[in-house]
Amino acid sequence: MNDSPAQESLHSRYGLTPLINAAGSFTPLGVSRSSAHVAHSAALALQSFFVMNELQALASDRLSAFSGCEAAAVTHCVSAAITQAVAACIAGTDAEAVANLPETKGRANAVVIPAGHCVNYGHPLVTDIRLAGATVIQAGTREACSLRNIEQALDQPGACCLLLVSSRLTTFQDLDTRGAVTAARTRGIPVVIDGAAQDMRIPDLLGTGADAVLVSAHKYLASPTAGLVLGTQAFVERFRAQETGIGRAMKPSKEAIVGVLAALEERQAMDPVAWRQQQDRKVVKAVALLGACTGIQASAEPDPVGMPFQRVRVRFLKGAAAARAVAQTLKAGNPSIWVMEHQLDQGAILLELVALSEEEVQQLVEAIGSAWTALASR
Ligand SMILES: *Cc1c(COP(=O)(O)O)cnc(C)c1O
């Protein structure tokens, strides 16, 4: 997760914009930075041949040991994993049905999803569902979804129930996830949870009883781009059966699978208490420095769904226009600094410091301070 000389030299070699990314595991900025062990392992993989099924089997064993699932598979990313998981629910292991997708030919193809989970994370999540030939049934409203809403939607022939767990994308956080999983499974409908950025909470999500949990390995695990499918033996078998159908376009690369193995080794060697303390130190320092600026309120915000780290909330007492102007100034600077912008309307920016070094945090805080001072003195 640290700066590497390689990163600097690529920016100068190709004349690319140098960045400080305080916006979290954000796709338009390249998501995460891998460690030297992950980068080296992926580089070795690029120079070798493998029996790809052997790599998938090894990843399944390692991911199962890591997360407590029965079986696992790697695919290109979570967007791909959603499509392939829906395909698995529609076609199963029936070779003809697999080959026919996205034409579903009389098979149950409805996917139930809470309306507030139909988010846009760069594109509409329902596009991932529809790509497999499925139709979407939205339960509840954008603002709320009760267990009764889910049950009503499930009371028609369906292929799958998809639920989302996300720190900032969903429009409400109070869905009874465990209840929804039980409601679907008692009706014989498999449940898939998109927990793309929840890699530190996989056992919690598997504990809901879902058939599969989907995780982006390139987010906090910081591997090359890869979508992890963690679930039951039967689900993973149906999932992998799609590789000879629409899954071909979603395949994981050898360097991605090897990078995932290396990232898992590092995660398992990590001391979670020490890691948390290291994250907290950066947050406490940034809050203290920013809170000392007149006109700014800084606070530490726990993750709303329980990932084990905090973000820094920086509220500008002058309101939304000031927050917007500061975010704009930061982006235009050198290095270009990106922050989380989903609370601009409340006059606030949020800073995620997980991927940043202490020096970068210092640079970030100084840049916010001077952008704010320039604005306030106008
Ligand atoms: C990041 C994210 C995705 C997309 O994941 P990719 O692996 O980048 O395709 C999907 N859903 C949620 C909730 C996410 O946070």
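## Terms and model

Ala, Val, Leu, Ile, Met, Phe, Trp, Tyr, Cys and Pro count here as nonpolar, Asp, Glu, Lys and Arg as charged, and the others, Gly among them, as polar. The model is predicted. This report covers its pockets and its cavity.

## The largest pocket

About 800 Å³ of space lies in the largest pocket. Its lining holds 39 residues. S25, T27, Y121, L169 and K219 are the ones nearest the centre. By class, the lining of this pocket divides into 19 nonpolar, 13 polar and seven charged residues.

Which elements give two or more residues to this lining? They are α4 (78-91) and β11 (336-339). The largest share comes from α4, with three residues.

Where does the largest pocket lie? Domain 1 (5-30 + 272-376) and domain 2 (36-269) both give residues to its lining, so the pocket lies between them.

## The second largest pocket

The second largest pocket has a volume of about 580 Å³. It is lined by 23 residues. L29, G30, S32, R33 and S34 lie nearest its centre. Eleven residues of this lining are nonpolar, nine are polar and three are charged.

Three elements can be named here: α1 (5-14), β1 (19-22) and α2 (36-46) each supply at least two residues of the lining. Of the elements, α2 gives the most, with four residues. Both domains contribute to the second largest pocket. Domain 1 (5-30 + 272-376) and domain 2 (36-269) each provide at least three residues of its lining.

## The cavity

How many cavities of 30 Å³ or more are there? The count comes to one. The largest cavity contains about 100 Å³ of space. A cavity, unlike a pocket, is a space where a 1.4 Å probe fits but cannot get out.

The lining of the largest cavity is made up of 13 residues. Nearest the centre are V31, Y220, E352, V354 and A355. Six of the lining residues are nonpolar, four are polar and three are charged.

Why is the cavity placed between the domains? Domain 1 (5-30 + 272-376) and domain 2 (36-269) both give residues to the lining of the largest cavity, so it lies between them.

## Across the domains

Domain 1 and domain 2 both line the largest pocket. Both also supply residues to the second largest pocket. The largest cavity, too, takes lining residues from domain 1 and domain 2.

Methods:
Residues numbered from 1 in each chain as written. Predicted model: local features only at pLDDT ≥ 70, side-chain atom pairs only at ≥ 80, totals over all residues. Heavy atoms only, no water. 1 Å grid on protein atoms, 1.4 Å probe; cavity = no way out; pocket = protein on both sides within 12 Å on 5 of 7 lines; lining within 4 Å. Points joined across faces, edges and corners; volume = space filled by probe spheres on them. Domains from an automatic or database assignment.
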